[in-house]
2 protein chains.
Amino acid sequence: MTSISSLHERFDPAQSLPFLLSRFAAFGATRNGGVTRLCASPEDGDARSFFKDALTSAGAKVLTDAVGNQFGIFSLTDRPDAPIVMMGSHLDSQSRGGKLDGALGVAASLCVGQSLLDAKRGGTLFDANFCVVNWTNEEGARFRPSLLGSSSYVGLFSTDYVLDRRDDDGISLGEALSAIGYRGMDTPPQLPGCYLELHVEQGTRLEEMGAQIGIVTRNWGAVKFQAAFLGEQAHTGPTAMERRKDALLGAAHAIIAVREIADRWAGIVHTSVGRIQVEPNSSNVVAARVEISIEVRSSDDAVLSEVAALAEKAIEDAAERARVRAEIESRSDRKIRELPHDVCNLIALCASEGGHESLQMDTIAGHDAISLLGICPTGLIFVPSIAGISHNEAEATDEADLAAGLDVCIRAAERLCRAGASPQRAVLIDLEASQ
Amino acid sequence: MTSISSLHERFDPAQSLPFLLSRFAAFGATRNGGVTRLCASPEDGDARSFFKDALTSAGAKVLTDAVGNQFGIFSLTDRPDAPIVMMGSHLDSQSRGGKLDGALGVAASLCVGQSLLDAKRGGTLFDANFCVVNWTNEEGARFRPSLLGSSSYVGLFSTDYVLDRRDDDGISLGEALSAIGYRGMDTPPQLPGCYLELHVEQGTRLEEMGAQIGIVTRNWGAVKFQAAFLGEQAHTGPTAMERRKDALLGAAHAIIAVREIADRWAGIVHTSVGRIQVEPNSSNVVAARVEISIEVRSSDDAVLSEVAALAEKAIEDAAERARVRAEIESRSDRKIRELPHDVCNLIALCASEGGHESLQMDTIAGHDAISLLGICPTGLIFVPSIAGISHNEAEATDEADLAAGLDVCIRAAERLCRAGASPQRAVLIDLEASQ
């Protein structure tokens with residue numbers, strides 16, 4: 001196996017990316033080829049330590065901020081205050097998740113950093129520094145909500161709020177980060193001039209269209225509810241049926257109604273209930289309290305509003321059918337937004353230069369890039385997911401597609417770093433002439 | 001507060017029972033007046049230690065068997081091999097359960113033992129010894145199935161099977177009992193000549209009929225299923241709705257269908273789903289595997305068979321609707337059975353002698369007494385539950401009804417212990433003449 005220290009000396013992106021991915025895949029590896037690397041778990045700690053060592057050995061300066069975001073700064077200029085081109089993703093995973101979701105973006109950005117540093121050593125002149133990032137708790141699997149690290153970085157959530165999020169055992173993110181040694185003290189780097197992220201598509205569009213590179217031009221809107229059903233704890237034996245106030249029955253009606261909403265808008269609405277918590281959750285006790293996590297997503301703003309209202313109504317109706325009460329504990333709205341044209345154009349140019357078929361598309365899932373959207377020019381690049389399998393141990397992408405994704409990222413990042421992080425200027429750079 | 005050591009010297013059942021109940025209620029007390037005293041938890045350990053000390057101080061010999069059942073033997077004869085009259089219940093509770101469920105039967109049997117020993121000292125001649133018992137894991141809240149201790153005692157389950165039951169954290173009952181010091185080494189006492197249990201009704205029948213004493217003549221049959229729905233783990237965002245195999249959606253359909261079965265046989269069928277376990281249970285992951293605990297109960301054997309078959313069909317249909325697979329992981333059948341007439345007659349006589357209105361009735365819930373049924377003459381005595389509230393912190397019974405229940409138990413146990421544990425002979429004893 002290639003050692004970290006030897007990585008830099010004979011850097012070859014085509015070899016380096018598979019090597020890094022296989023190393024990351026070992027942290028929290030499951031028997032079926034996936035990973036369980038929940039945020040701030042010991043496995044996440046090991047992955048972070050490997051990442052930190054790899055960054056250091058590649059010549060980057062590593063910073064860890066108060067919420068555990070890890071930044072690796074590759075100095076490509078002599079000016080520490082030069083604009084930054086940032087690229088990254090996340091190392092946390094779902095339980096029994098895939099080994100590429102997040103890890104691909106982190107590993108690829110490290111390869112890009114190495115490649116740019118090699119280019120600098122080879123004489124290329126840069127006008128921006130490059131920063132690699134691993135965002136804390138993108139998944140929202142252990143701590144809710146998702147996208148905590150990137151949202152904190154852009155100022156959407158306070159540090160205290162983020163550190164006080166608790167898992168199902170009542171452990172706070174702050175405590176969990178301290179336990180693995182990744183509750184940092186460093187000031188994070190300045191906001192970037194441009195942010196890029198490489199991710200697996202998690203859908204089938206690229207595969208169906210025979211393209212290697214997805215240029216994300218828009219994200220779907222999403223409304224996420226926490227709904228609680230409040231019944232009355234009782235014995236499942238002698239308690240008369242007509243007296244029961246069964247919170248789990250209420251939740252069951254809601255789960256079905258939420259699914260039926262999606263069936264009415266085929267293709268433009270996705271809905272789900274993935275999480276349920278039952279009290280006391282005993283086989284011979286009528287449930288007193290049940291909380292469910294509802295998501296509705298759409299590619300159309302008007303439809304999303306209508307669907308979210310229907311979901312709220314469905315929660316009420318479900319409670320009524322089970323003679324229990326319902327409460328919306330929380331609701332978060334993520335609007336449909338366009339990704340900036342300039343960055344999309346840059347990605348299209350780089351795909352074309354590399355000879356990779358590309359396709360403009362939506363992202364339905366949230367990603368850290370969406371946290372950065374509106375803060376700085378942001379680009380999100382997809383590579384195909386085999387059969388669209390995602391949040392699943394069987395998640396996979398062809399090696400050639402991974403290499404194509406990395407190639408596009410290296411081209412885009414090199415152009416951006418030579419153009420002072422400006423995507424408008426990055427497309428104008430004449431690579432032949434300036435080298 | 002009365003000390004344990006002073007209990008015996010000035011024994012008065014009317015004072016002793018409320019005192020014991022208030023002491024037991026303190027172990028695992030919740031803010032809303034209930035108890036959370038899960039089997040083999042530290043709180044259960046404290047309650048067991050108090051019980052053991054109280055037994056010893058009352059003059060009983062205490063034995064703890066391999067599965068943690070606690071027996072307190074009151075020697076009322078000079079013959080250790082004399083027949084035994086056994087009386088007891090359980091000290092474990094549901095999460096946020098009531099303070100009387102189980103504890104009443106244990107506390108009352110201790111009072112009965114004290115009363116009988118007093119009578120012996122006063123010159124009464126007995127022909128059986130009396131044994132008080134606290135059965136391990138009646139509730140099935142922490143370890144499944146329920147009735148583990150009493151089932152083990154009668155030979156239905158092996159010791160190894162019982163000790164290897166695991167809670168949701170993977171801790172075995174054996175480990176949990178060791179941790180609290182109640183994995184015993186004693187051989188349990190011989191099977192009793194007669195078993196009695198006092199319990200709260202957990203329904204509203206006694207209250208509605210204005211009776212203080214329920215004489216249980218029959219238990220409802222119950223079929224309990226563990227059903228697993230097997231879907232496909234996927235991202236709740238980009239995964240196309242028509243490709244999803246949502247195990248939680250399948251379970252939701254089953255929960256509703258199981259409820260609808262009960263609605264078709266109003267009054268003679270009770271059904272429930274009280275417990276659900278979801279993998280991975282993450283808000284943005286389509287559930288891969290969901291297990292639910294289904295119970296169907298009926299007062300009619302033919303109906304129970306039909307209803308159980310309908311429940312199995314409902315599980316299949318629910319899986320099909322959600323395009324997932326279903327598996328019945330386990331099924332247990334408890335038949336409808338009559339309690340022996342001789343013991344019911346004895347209880348009726350004792351209620352009448354005490355001036356308490358009694359009523360013959362069914363038990364819908366399972367109790368440790370049902371484990372003993374068929375092994376020895378078994379009697380189950382109910383006192384009213386206010387508003388039928390059960391498995392709930394608000395569970396309560398009027399003090400006068402508690403006292404009536406204890407009075408019936410003392411009368412029945414005294415007759416039984418004087419009649420060599422024979423319920424037939426116990427009703428014939430002429431108390432006036434023989435004293």
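Reply: One term before we start: a contact here means heavy atoms within 4.5 Å. Also, this is a predicted model.

Me: OK. Which residues is Gly366(B) in contact with, neighbours within four places in sequence aside?
Reply: Glu138(B), Arg297(B) and Arg334(B).

Me: And where is Gly366(B) found?
Reply: In chain B, in the loop between β14 (358-363) and α12 (368-372).

Me: Is Gly366(B) buried or exposed?
Reply: Buried. Its relative accessible area is 14%, and buried means under 20%.

Me: How far apart are Gly366(B) and Asn219(B)?
Reply: In sequence, 147 residues; in space, 7.5 Å from C-alpha to C-alpha.

Me: Switching topic. Which residues does the UniProt "binding site" annotation cover?
Reply: Asp101(A), Glu139(A) and His391(A), according to the UniProt record, which is an unreviewed entry. They span 291 residues in sequence, but no two of their C-alpha atoms are more than 9.8 Å apart, so they gather at one spot.

Me: Where is the place of Asp101(A)?
Reply: In the loop of chain A between β3 (84-90) and α4 (103-121). Asp101(A) counts as buried, at 4% relative accessibility.

Me: What does Asp101(A) touch?
Reply: Not counting residues up to four places away in sequence, the list includes Glu139(A) and His391(A), along with His90(A), Asp92(A) and His199(A). Gln202(A) is on that list too, and a polar contact of 3.1 Å joins the side chains of Asp101(A) and Gln202(A).

Me: What about His391(A), buried or exposed?
Reply: Buried, at 1% relative accessibility. His391(A) is in another loop of chain A, the one between β15 (378-383) and α13 (399-418).

Me: Which side chain does the side chain of His391(A) make a polar contact with?
Reply: That of Glu139(A), at 3.2 Å. Further along in sequence than four places, His391(A) also has contacts in chain B, among them Gln233(B), His235(B) and Asn284(B).

How values were computed. Residues numbered from 1 in each chain as written. Chains lettered and ligands numbered in written order. Predicted model: local features only at pLDDT ≥ 70, side-chain atom pairs only at ≥ 80, totals over all residues. Heavy atoms only, no water. UniProt positions renumbered as here; feature names shortened; annotations may be inferred. Helix = DSSP H or I, 4+ residues; strand = E, 2+ residues; numbered from the N terminus. Buried < 20%, exposed > 50% of the residue type's maximum accessible area, 1.4 Å probe, protein only. Polar contact = N/O pair within 3.5 Å; in protein donor to acceptor, adjacent residues only side chain to side chain.
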